[in-house]
Amino acid sequence: MRSRLRLLVLILILAVVLYPLVWMVGTSFKSPQEIVSNIGLIPDHWTPGNFTLGWTKFDVDFGRFFLNSAMVAILTVVGNVLSCLLAAYALGRLKFRLRGMWFAIMIGTLLLPAHVLIIPQYILFRTLGWVGGSWPYLPLLIPHFLATEAFFVFLMVQFMRGIPRELDEAAVIDGASPYRVFRHVILPLSRPALVTTAIFSAIWTWNDFFRQLVYLSDLKDYTAPVALTLFIDSTSEASVGPMFAMSLVSLIPVFLFFIAFQRLLVEGINTSGLKG
């Protein structure tokens with residue numbers, strides 16, 4: 001009886017969690033009139049043309065927005081993995097003056113909301129000529145190559161602290177330099193933390209809206225989250241259906257990415273510094 005009750009509770013929780021997704025799937029196949037009149041999950045008249053209309057509605061087809069999002073996500077993952085790994089190695093394994101102070105300052109940046117930093121960052125990037133330049137993605141990508149993601153640095157530092165220092169000492173006795181210790185000892189053992197950083201970076205960047213909205217101004221440079229806002233204006237009531245259709249399509253890469261790397265994600269969290 002207890003097992004059945006637990007199963008029933010889990011089914012109810014699953015239904016509540018999945019209801020918005022199921023509703024969006026059904027709405028993406030409704031006509032504009034039915035979206036207003038029918039609040040049910042299943043449309044009375046299926047309208048698959050929403051997908052075609054949403055894909056080709058603008059001067060730039062939606063595939064370009066997907067490519068922009070994929071490029072930003074991939075480069076962000078590369079930047080976060082490389083820079084945060086190097087910063088974590090310095091803070092977690094090397095000894096230098098004021099190391100504790102710099103680590104505390106880095107942790108303190110986690111307390112600052114991103115919306116507080118966006119104005120000084122925008123002024124800085126505009127002064128450097130990166131905003132509205134020939135390649136407008138620089139403000140979105142360069143910070144990730146400078147280890148500005150304190151969460152991932154902290155995650156890797158905590159993970160590296162769990163690696164026995166005897167391995168470093170044995171490598172040093174064999175004549176290894178700090179670089180070789182990093183390359184042949186720390187890097188292979190840090191795979192779970194690297195995988196966790198890569199997965200979260202990809203998903204968060206793909207779903208990011210605010211920063212991309214601030215820095216991207218040209219239609220051809222828009223990413224998928226920003227492009228979805230183009231369906232909403234004072235005259236495009238008929239674009240609600242295509243908007244839901246493209247929202248559903250935008251979820252597919254994240255869903256497939258999570259399914260493909262679910263095992264690695266769980267392993268990374270279980271064996272990383274998040275465990276304390």
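Helix H4 passes helix H5 in a left-handed crossing, and this pair opens a briefing on how several helices meet in what is a predicted model. The crossing of H1 and H14 is likewise described as left-handed, while H3 also has a contact with H14, with the two axes at roughly 85 degrees. Helix H6 is treated separately, for its length and for a kink centred on Pro120.

**H4 and H5**

- Helix H4 covers residues 62–93 and helix H5 covers residues 99–108, and their axes come within 9 Å of each other while crossing at roughly 135 degrees.
- Because angles from 65 to 115 degrees count as roughly perpendicular and those over 145 as roughly antiparallel, H4 and H5 are therefore described as oblique to each other.
- On the H4 side the contact is formed by Ala90, Leu91, Gly92 and Arg93, which meet Arg99, Trp102, Phe103 and Met106 on the H5 side.
- Sorted by class, the residues of this contact between H4 and H5 comprise five nonpolar, one polar and two charged.

**H1 and H14**

- The axes of helix H1, residues 2–27, and helix H14, residues 240–260, come within 8 Å and cross at roughly 130 degrees, and H1 and H14 are therefore oblique to each other.
- From H1, the residues Leu21, Trp23, Met24, Val25 and Thr27 meet Phe244, Ser247, Leu248 and Leu251 of H14.
- The contact of H1 with H14 is made up of seven nonpolar and two polar residues, with no charged residues.

**H3 and H14**

- Helix H3, residues 49–56, has an axis that comes within 8 Å of the axis of H14, and the two cross at roughly 85 degrees, which means that H3 is roughly perpendicular to H14.
- H3 contributes Asn50, Phe51, Leu53, Gly54 and Trp55 to this contact, and H14 contributes Gly241, Pro242, Ala245, Met246, Leu248 and Val249.
- In the contact of H3 with H14, eight residues are nonpolar, three are polar and none is charged.
- Leu248 of H14 is listed in the contact with H1 and again in the contact with H3.

**H6 and the residue after it**

- Just after H6, Gly129 takes a positive phi of about 80 degrees.

Methods:
Residues numbered from 1 in each chain as written. Predicted model: local features only at pLDDT ≥ 70, side-chain atom pairs only at ≥ 80, totals over all residues. Heavy atoms only, no water. Axes fitted to C-alpha atoms, helices over the stretch in contact; angles between N-to-C directions. Helix = DSSP H or I, 4+ residues; strand = E, 2+ residues; numbered from the N terminus. Parallel < 35°, antiparallel > 145°, perpendicular 65-115°, else oblique. Left-handed = near helix turned anticlockwise from the far one by under 90°. Contact = heavy atoms within 4.5 Å. Nonpolar A, V, L, I, M, F, W, Y, C, P; charged D, E, K, R; others polar. Bend = angle between axes of the 7 residues up to and from the residue.
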